[in-house]
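Hello,

Here is the structure I promised to pass on. My notes follow below it.

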Amino acid sequence: MTRFLHLLGRSAAAHPWRTFAAWLLVAVVAVTTAGAFGGTPQDNFNIDGAPAQAGVEQLRESFPASGVAGSSAQAVVHHPGGDEVTEAALADLSSSLAGIDHVTSVSPPRFSDDRDTAVLSVVLDVPVTHPDLFAGAGLASLEEAVADVAAVDDAGLQVELGGELANTAAAEIQGTGELIGVVVALVLMTLVLGTIVAAGLPLLVAIVGLAVSAMGVTLLAAVTDVSTTAPTVAIMVGLGVGIDYALLLVTRHQEFLRAGVPVVEAAGRTTATAGRSVVFASAIVLVSLMGLPLAGLPIYSSFGFATGIAVVSVASAALTLVPAASGLLGRRMLPRRERLGLPPRRERPAREPLTARWAATVARRPVAWTLLAVTLLVALAAPTLAMRTWPRDVANNPAESTTRQAYDIIAAEFGAGANAPLTVVVDREAVGDAGVEGVAAQLRDTDGIVAVGAPVVSPGGEVAVLEAQPAYAPSDERVPELLERVRAGLDDVEVTGNTALMSDISVLLSERMWLVVGFVVLVSMLLLAAMFRSVLVPLKAAALNMLSIGAAYGVVVAMFQWGWGTDLLGLDHAMPVSSWLPILMFAILFGLSMDYEVFLLSRIREDWLATGDAAGSVVRGVAGTGRVISTAAAVMVAVFLGFATEIDLVVRQLGLGMAVAVLLDATVVRLVLVPSTMTMMGRWNWWLPAWLDRLLPTIEAEVATDPWADGEDEDQRRPAAAAPTARA
């Protein structure tokens, strides 16, 4: 692989315009193909094995025109002054809503007890992902229908929109925070690299890779269901790793230029050394993402595939566009004073870099530093034990949004549980009408149920549907227990609806969490063992990554669930952690953390093979990578925090959690725990049983020698200092 990467880097640098033309051709083909054959993202909540799914299937079979296969919306009409809502205004509004394309029915109004509020339910025959409804078009149609009703304005009525259609449109990405994060990242890279030209290159490369990957995700949506949130997560991860990969290459290229290597050769050596780390780091990220389908939900498979497409695209862009741009720019990749051979503006005393002095300080007292760092991470992770999850709840939308106001009005006028009805599907053919009435009576006697609607019989008479209103809001911690009691006490009945489905998803994900964790950790450890010929290094890496991810979980719980960060995050109340977060965040973060592990351990092992100095190689490895890892982490934190400002709760929690995890990983883990633990283990870091050494394939993550220069085989080129590994 080294020879191939060296040739790739040299060719791209020697012929940059060919490389740019190739990427332009790829982009044109991707855009054309996506435009012709691409699909539209849509959330697939058909969950095999979920108890609520059985009820959904019964409703689809028995009520084919009910909108179960389509979508729905609500118009909540309220008089702020407390006066009764007039029938005339409601009739005009109902007529206007019925005139919207794809609307099949508008229900009679449901009035509150004081009649100052009425709810109209709208059923559409197409899903929210239909082109006529997608990207806010459906919500705009509803808003136009409301605005056209003069009687509403004349009566001084407040009309808010809720339901599936409005909630989907309300989750659109804003982008302001992300733009600020990118600007901050550009400033950081400029300060570190010393030139805006070199600093802008990683950002430009990441954007090109993301643009092509977006077309790939669109094509993916044509052949399978892709979650509406998956493209955003793919952009978040792709932007972060794309900048990191390109930054690693640019930094290494600058090192070769400063060493006097010609521009084209420097690009080849950069791609052959740092490029190998990029290849294997991205491979570990992909392995982690491939653990997501084990969660058993289609939505997770789409997260994994979409993000994987983004990672492959930005890694490919980094490996080709960075050397191409480096060849075109020549020595302009260096700061101006260095190009002109001018002395620094300020003469600084010659001394070791700060990271080298820090690593030496940690190495002198490794036990104390290990205990201190582990104590900090465990303390941050402690709130994780109290984590409570729920997939999504409109109550967590911004207070000024129409969906949140509709939710609040319904809760105030009809009770908190009016936003969380349970749909009870009774097998009427099995129990008869008397059995249906018995189920209704049993529901009324159930603690936690405050109202039960009249049964609605299917056109064919197969089933009867009852709507039971709980006493609790959808994400209340008592809802799962209530749902379990209702199901346990009823025969020939399926309990479904949005609340039941969300509860089932939460339970299913908590059960599948450890399957995903086990797969990701095991495969990542095997890859690390093959790369670094060690048993203890992969074990140590997995343990430290678990600690940093656990600490990030704890911070998310404290900030969102406990409400410690509500003011800082612009929230008006505490809320549970999204059920989508734990598995998704673990898979992504484990891969990203292994990126830094590969970058750092590559340098440490490189020095160990050259010198045989176990302790010194740790210090020199940390010193050699500390600056680039710290910069890359700072860039990624800035990008992720930008996404933490979004409206969508999953994106917001994921952005904050990943920013915290990367910050802890690049500081507490890479600068404290890695040098302290590896110093304590000494030569045992590189111990590998002979039988395992024979079984594992040989993968070199990065090489610092010149393997492309003399035609020798890689195995023949290993330094003699590697011998202690085998003897150990």
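**Core and helix packing**

Tyr300 and Met658 touch the most other members of the largest nonpolar core, which has 177 residues. Such a core is a set of buried Ala, Val, Leu, Ile, Met, Phe, Trp, Tyr and Cys residues joined through side-chain atoms within 4.5 Å; buried means under 20% relative accessible area with a 1.4 Å probe, protein chains only. Another core lies apart from it, with 29 residues, among them Val77 and Val152.

This is a predicted model: local features need pLDDT of at least 70, side-chain atom pairs count only at pLDDT 80 or more, and totals for chains, interfaces and linings use all residues. Residues are numbered from 1 along each chain as its sequence is written, and side-chain values use heavy atoms, without hydrogens and water.

Tyr300 is in contact (heavy atoms within 4.5 Å) with Leu509, Ile583 and Leu584, among others, leaving aside neighbours within four places in sequence.

Now the helices (DSSP runs of H or I, at least four residues, numbered from the N terminus). The axes of helix 19 (residues 498-532) and helix 22 (residues 581-611) come within 10 Å and cross at roughly 15°. Axes are lines fitted to C-alpha atoms over the stretch in contact, and angles run from 0 to 180 degrees between N-to-C directions. The two helices are therefore roughly parallel (angles under 35 degrees).

Helix 10 (residues 230-258) also packs here: its axis and that of helix 22 come within 11 Å and cross at roughly 10°. That makes helix 10 roughly parallel to helix 22. On the helix 10 side, the contact includes Val233, Tyr245 and Arg252.

Best wishes

Definitions and conventions. Angles under 35 degrees count as roughly parallel, over 145 as roughly antiparallel, 65 to 115 as roughly perpendicular and the rest as oblique. Buried means under 20% relative accessible area, exposed over 50%, partly exposed in between (1.4 Å probe, protein chains only).
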